[in-house]
Amino acid sequence: MAIMVGKVVMFVLYYALANDNMMMTVRAALDYKTDAPIFIFGDSTVDVGTNNYLKKCTAKADHPYHGIDFPHSKPTGRFSNGKNAADQIASLLGNYKVSPPPFLALLNRKSTFKRNLLRGANFASGGSGIFSATGQIYYHKVICMEEQIQQFATVRENITELLGSSKAADDLLQSSIYLISIGSNDLFEYAAAQIFATANPKPFVSNLTQAYAARLTKLYELGARKFAIVGIPPIGCCPGARAYNATGGCIDLINDGARLFYKSMQPLLTGFSLLFKGFKYSLGNTYAMTMNVIDNPRGNGFKEVKSACCGNGTSICRVGVNLCSNRGDFLYWDHFHPTDKASELAALTLVYGEGTEYVTPINFSSLAMVGL
């Protein structure tokens with residue numbers, strides 16, 4: 001069971017919410033932090049360097065200008081100017097400065113591999129999806145969610161061996177947090193394959209939800225109980241999508257799919273909590289969160305919510321492309337990914353947000369405390 005640690009230090013952050021003209025109070029207390037491991041699954045929104053270890057993969061952020069605001073301006077494999085959502089959420093939930101390391105990085109350190117797993121691991125791979133085929137052609141090699149879970153299965157085996165019993169491993173893994181942020185690449189590939197912009201994404205989203213259910217079930221069977229799930233944001237509004245709209249506006253087909261996916265997740269997770277003993281979850285509505293920023297940029301501390309800070313929306317972020325100097329003003333870092341600042345705002349909302357508009361039925365910090 002996790003132990004809550006730290007001094008009782010409380011501070012309050014306020015963010016204006018334009019939709020209802022209300023103020024959201026964010027309470028962050030150090031004594032809310034857990035020492036339980038955090039295991040992270042997903043795509044480039046939470047990848048902290050997994051793809052650096054994949055020789056054939058072309059979806060990499062191991063080069064400038066990525067990481068320009070990370071310590072020592074080091075490109076680490078994060079698709080961000082600084083920290084990404086995995087870093088921000090891990091540091092708020094537990095005693096982490098950044099996300100746990102990539103599983104493949106831990107695997108390379110044989111002498112400390114098992115011991116380090118007790119702190120968690122990050123399996124996320126940029127370009128990957130819920131469907132195993134997603135990203136495999138376009139990026140040549142990514143680690144799909146199914147394979148990420150297979151890697152976690154080896155983690156369970158090693159932790160069981162290290163602790164000496166399945167019971168001890170179960171206790172540790174059942175108290176752990178499982179952060180999942182995935183689905184955008186599946187939706188992008190679906191939209192790219194459509195001839196007509198008026199296509200109906202409902203059948204696709206239904207299949208995607210079924211595949212997601214299978215992945216969650218497998219994680220549960222391996223010992224996962226606390227699921228911190230991030231929905232798909234309005235990726236039809238990212239600079240890379242806008243570039244393919246003659247008007248420069250959002251692409252409705254993609255956004256419709258993102259909204260449908262969030263709606264499908266609600267009954268799925270409610271059902272799982274009734275079906276599976278001990279299954280607990282928190283679902284983040286990043287679609288609504290991001291649209292709030294797009295509709296009310298200045299109220300959320302941004303000036304530019306349509307274009308990319310690095311690149312022009314159609315090119316990847318690399319040395320030689322346009323790079324903004326006022327990165328704190330931008331919602332988007334590159335053609336797809338948020339800036340460090342945007343990730344921080346999202347993390348604060350997911351971890352400490354009140355009400356159920358942006359995170360339901362409880363926030364991530366409340367999820368971490370379940371069972372204490």
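How many bridges pair β8 with strand β9 (residues 280-284), and in which sense, parallel or antiparallel? The two strands pair over 5 bridges, in the parallel sense. Valine 230 stands opposite glycine 284 in β9.

The model is predicted: local features need pLDDT of at least 70, side-chain atom pairs count only at pLDDT 80 or more, and totals for chains, interfaces and linings use all residues. Residues are numbered from 1 along each chain as its sequence is written, and side-chain values use heavy atoms, with hydrogens and water left out.

**The sheet**

β8 and β9 belong to an open sheet of 6 strands. The order is β6-β5-β7-β8-β9-β12, and the pairing is mixed. β6 and β12 (359-360) stand at the edges with a single partner strand each, so one side of each is left without a neighbour in the sheet. Strands here are DSSP runs of E with at least two residues, helices are runs of H or I with at least four, and both are numbered from the N terminus. Two strands pair if DSSP finds at least two bridges between them.

**Strand β5**

Strand β5 (residues 38-42) is joined to strand β6 (residues 120-122) by 3 bridges, and these strands run parallel. Isoleucine 40 has asparagine 122 as its bridge partner in β6. Another 5 bridges join β5 to β7, again in parallel. There, glycine 42 stands opposite serine 181.

β5 is mostly covered, with 5 of its 5 residues buried. Buried means under 20% relative accessible area, exposed means over 50%, and partly exposed lies in between (1.4 Å probe, protein chains only). In a regular strand the side chains alternate between the two faces of the sheet. In β5, Ile38, Ile40 and Gly42 point one way, Phe39 and Phe41 the other, and all are buried.

**Aromatic pairs**

The whole structure holds 20 aromatic pairs. Rings of Phe, Tyr and Trp (its six-membered ring) pair if their centres lie within 6.5 Å; planes under 30 degrees apart count as stacked, over 60 as edge-to-face and the rest as tilted. Two of the pairs are tabulated here.

| Pair | Centre distance | Plane angle | Class |
|---|---|---|---|
| Tyrosine 178 and phenylalanine 227 | 6.1 Å | 35 degrees | tilted |
| Phenylalanine 188 and phenylalanine 336 | 4.9 Å | 50 degrees | tilted |

Tyrosine 178 lies in strand β7 (residues 177-181) and phenylalanine 227 in strand β8 (residues 226-230), so their pair ties together parts 49 residues apart in sequence. Tyrosine 178 is buried at 0% relative accessibility. Phenylalanine 227 is also buried, at 0%.

Phenylalanine 188 lies in helix α6 (residues 184-192), while phenylalanine 336 sits in the loop between β11 (330-332) and α11 (340-352), so this pair ties together parts 148 residues apart in sequence. Phenylalanine 188 is buried at 19% relative accessibility. Phenylalanine 336 is partly exposed at 29%.

**Charges over rings**

A charge sits over a ring if NZ of Lys or CZ of Arg is within 6 Å of the ring centre and within 35 degrees of the ring normal. Arginine 119 lies over the face of tyrosine 96, at 4.2 Å from the ring centre. Lysine 341 lies over the face of phenylalanine 302, at 4.7 Å from the ring centre.

**Serine 343**

Helix α11 contains serine 343. This serine 343 counts as buried, at 5% relative accessibility. Beyond its neighbours within four places in sequence, serine 343 is in contact (heavy atoms within 4.5 Å) with Lys83, Asn84, Ala85, Gln88 and Pro338.
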